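Please read them with the structure open.

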Amino acid sequence: MTNPLLQYRFEIPFADIRAEHVEPAVDELLATANAAIDRIATSTDAPTYDNTLGALEACTLQLEYAMGIVGHLESVATDEALRSAYNAVQPKVAAFSSAIPLHEGLWQRLRALAGSPGADQLDPTRARHLKKTVDEFRRHGADLPPEGKTELQRLDVELATFTTKFAEHVLDATNAWELVIEDEHALAGLPESAVEAARHAAQAKGKPGFRFTLQSPSLIPVLTYLDDAAIRRRMWHASNTRATAEPWDNRPLMADIVRLRAAKAKLLGFASFADLVLEDRMAKTGARAIAFVEELRARSEAAFAREQADLLAFRRELEGPSAPELQPWDVAYYAEKQRRALYDFDEEALRPYFSLAGVLDGVFAVATQLYGVRFEKDASLPTWHPDVQTYRLLDESGARLGAFYVDPYPRETKRDGAWMNGLVTGRVGPAGFEPHLGLVCANVTPPLPERPALLNHREVETIFHEFGHLLHHLLSRVTVRSLGGTNVAWDFVELPSQIMENWCWERDALDLFARHWQTGETIPEPLLQAMRRARTFRAASAMMRQLGFCDVDLSLHTSYDPARDGDVVAFARQVMQRYSATALPPDYAMIAGFGHLFSHPVGYAAAYYSYKWAEVLDADAFDRFLAEGLFSRQVGEAFRRTVLEPGDSRDPADLYRAFRGRDPDVEPLLRRSGLVA
Ligand SMILES: [Zn+2]
């Protein structure tokens with residue numbers, strides 16, 4: 001029998017793919033790809049796009065296809081055999097990928113192409129492909145002399161070791177901490193569900209009473225609801241001094257990681273690690289990202305001060321004029337009380353209006369109105385589970401753009417969260433358009449025997465968000481596959497997804513699909529208004545918290561100097577104090593548990609700002625729809641042509657300007673967040 005992972009088929013035969021296929025297929029595909037790369041590198045023909053970059057793209061296609069399928073099945077239908085097969089091949093594939101930019105012969109061929117007269121005659125997409133590839137090889141050390149390559153390798157090995165250690169410390173320090181409370185009276189204020197969870201957690205450890213931990217599902221309810229301020233303080237303090245003492249002390253590791261990153265950037269010819277990471281992102285430089293964060297901070301400051309004054313006034317209304325200033329462990333607690341006092345709004349009241357079938361119809365209807373595309377059920381695609389639904393996407397002319405799967409509900413064999421994945425990235429090929437294949441996975445509230453799947457509003461936004469990624473994938477029209485669809489800069493990729501969430505807040509869009517599952521009624525006006533008002537509650541505080549993370553990340557990866565600024569913990573505390581309404585205690589060390597920045601050699605380091613950057617883009621882009629029509633075909637068409645179809649075939653800043661007619665403006669995000677009128 002042939003190995004299904006070695007054959008390319010658009011209709012992927014999921015039922016035929018087994019764990020024992022994985023290793024032999026990947027080994028064979030790696031050998032084929034390596035041989036093909038050697039052939040490219042040793043060719044004596046004059047270098048052309050086709051015999052270098054084009055050939056390089058082609059030689060990894062089947063490997064990417066197979067790994068995409070295996071990784072996908074590992075996420076949605078895993079078992080022990082599949083997981084161990086996947087774990088066995090992953091390091092081999094990672095090693096293969098990281099060796100490509102260091103292949104001397106391949107690099108010489110690419111340089112020869114870049115320096116050849118033919119390079120000037122490449123079409124813009126191929127020219128960009130060449131430039132991006134050459135830059136990427138350089139950022140991976142291709143241009144360094146032998147001793148530089150050795151040094152880079154040493155830095156990378158140390159970074160991998162230290163960041164892994166950092167992540168282990170956070171995990172171990174988190175798991176080592178517990179607070180057991182025997183007296184149930186001490187739990188006043190805590191919701192029943194959190195009390196029950198703590199009781200179970202204690203029982204599981206053979207302890208009496210109630211057990212609390214630093215994991216979010218245990219920590220967050222305590223900080224939000226528990227009346228006893230001393231307990232809140234203990235847990236807040238433990239959480240914010242995590243991994244700062246032996247045997248899990250992250251303080252020396254952070255200093256080393258920041259130093260190694262700076263050394264790596266310098267070796268590769270960049271002024272800072274942020275400049276190295278951001279060269280290929282929309283922000284381009286650390287300085288630009290810092291200016292962006294500073295602009296948002298300045299624009300949020302006044303609303304932030306107002307929110308804190310209101311919260312203190314609220315506390316003093318409750319407890320009398322001599323109630324003390326708020327401490328960091330008080331903020332979430334009083335904010336929750338204030339939220340309930342201000343908005344008598346129950347999220348759950350919306351659920352009956354959001355059946356899953358209705359929400360899918362809604363996202364299809366929005367896409368149809370904006371882009372003229374059509375969705376049809378497609379029974380021809382095999383799936384991996386009976387709950388999975390399959391569709392095809394057709395253009396207005398009836399031409400097939402692609403197909404996709406929707407896998408909505410949780411299962412024991414499926415990982416948590418929601419995501420979009422492109423199993424096949426099509427392209428505009430020499431023989432015409434080749435369609436795309438993608439999927440949306442989620443873990444929304446499943447149906448019950450007596451009622452359909454009813455979603456909360458956050459889940460509705462999640463479905464719209466992932467469909468935004470899916471449309472970016474399915475509507476892509478690029479000649480070079482690796483520049484197609486969602487293969488765009490990290491600080492640009494959330495624009496197509498986040499913009500879709502906006503339609504979940506507008507009456508005219510909601511009325512297309514949000515119907516009470518029993519009565520067929522649309523959402524009552526008071527409920528919709530309450531939902532919209534609650535959206536901006538303490539938005540400046542949420543903004544400042546995020547900006548504090550962005551600032552500390554960028555500061556550490558641009559200007560931080562241990563000789564001048566002292567140790568990382570003290571430096572980070574000083575930076576973050578500017579974004580905190582309450583005085584941070586001297587031993588505040590949130591940074592020591594900040595996995596986004598330190599758990600991976602790169603990860604979110606110098607890139608935490610991307611969250612806010614993408615929000616600015618999506619609010620500003622959506623503002624054009626608000627101004628010219630929520631369902632304007634003309635604006636939809638413009639968004640499709642300038643943002644969704646080109647993938648990474650053009651610079652994202654140019655794409656954005658092509659859609660908006662100017663650079664992004666922070667104003668619409670501030671307005672949407674209620675920070676300016
Ligand atoms: Zn996303």
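How many positive and negative side chains does the chain have, and how far apart do the centres of the two sets lie? There are 74 positive and 95 negative side chains. The two centres are 2 Å apart. Keep in mind throughout that this is a predicted model.

1. **Overall build.** The chain holds 27 helices and nine strands. The C-alpha trace spans about 85 × 65 × 55 Å along its principal axes.

2. **Burial and contacts.** Of the 677 residues, 54% count as buried. Take the contacts between residues at least 6 apart in sequence: 72% of them join residues at least 24 apart.

3. **Surface.** The accessible surface comes to about 29,300 Å². Carbon and sulfur atoms account for 53% of that surface.

4. **Helix H7.** This helix covers residues 146-176. Does its length fit, or what span should its 31 residues give? At 1.5 Å a residue they should span 45 Å, and the end C-alpha atoms are 45 Å apart, which agrees. The buried residues of H7 include Leu-152, Leu-155, Leu-159, Phe-162 and Phe-166. Gly-148, Thr-163, His-169 and Thr-174 are also among them. The buried residues of H7 pack against helix H11 (251-267) and helix H23 (595-598).

5. **Helix H4.** Residues 80-99 form this helix of 20 residues. From first C-alpha to last, H4 reaches 29 Å, close to the 28 Å expected at 1.5 Å a residue. Its buried residues are Leu-82, Ala-85, Tyr-86, Val-89, Val-93 and Phe-96. Their cover includes helix H1 (19-42) and helix H3 (61-76).

6. **The loop between H10 and H11.** Two residues here deserve a look. Pro-247 lies in this loop, which runs between helix H10 (229-239) and H11. The peptide bond from Glu-246 to Pro-247 is cis, with omega near 5°. Ala-243 lies in the loop between H10 and H11 as well. Ala-243 is not a glycine, yet its phi is positive, at about 60°. Is Ala-243 buried or exposed? Its relative accessibility is 5%, and the cut-off for buried is under 20%, so Ala-243 counts as buried.

7. **Arg-538.** This residue sits in the loop between helix H19 (525-534) and helix H20 (539-556). Phi of Arg-538 is near 50°, a positive value in a residue other than glycine. Arg-538 is buried, because its relative accessible area is 11%.

8. **Ser-476.** Where does Ser-476 lie? It is in the loop between helix H16 (457-474) and helix H17 (495-501). Its relative accessibility is 1%, so Ser-476 counts as buried. What is Ser-476 in contact with, leaving aside its neighbours within four places in sequence? The list is Phe-433, His-436, Leu-471, Gly-484, Gly-485, Leu-644 and Glu-645.

Note on methods:
Residues are numbered from 1 along each chain as its sequence is written. This is a predicted model: local features need pLDDT of at least 70, side-chain atom pairs count only at pLDDT 80 or more; totals for chains, interfaces and linings use all residues. Side-chain values use heavy atoms; hydrogens and water are left out. Helices (H or I, at least four residues) and strands (E, at least two) are DSSP runs, numbered from the N terminus. Buried means under 20% relative accessible area, exposed over 50%, partly exposed in between (1.4 Å probe, protein chains only). Contact means heavy atoms within 4.5 Å. Accessible areas come from the Shrake-Rupley method with a 1.4 Å probe; for residues, only the protein chains shown count as cover. Lys and Arg count as positive and Asp and Glu as negative; His and the chain ends are not counted. The place of a charge is taken as NZ of Lys, CZ of Arg, CG of Asp or CD of Glu. The expected span of a helix is 1.5 Å times one less than its number of residues.
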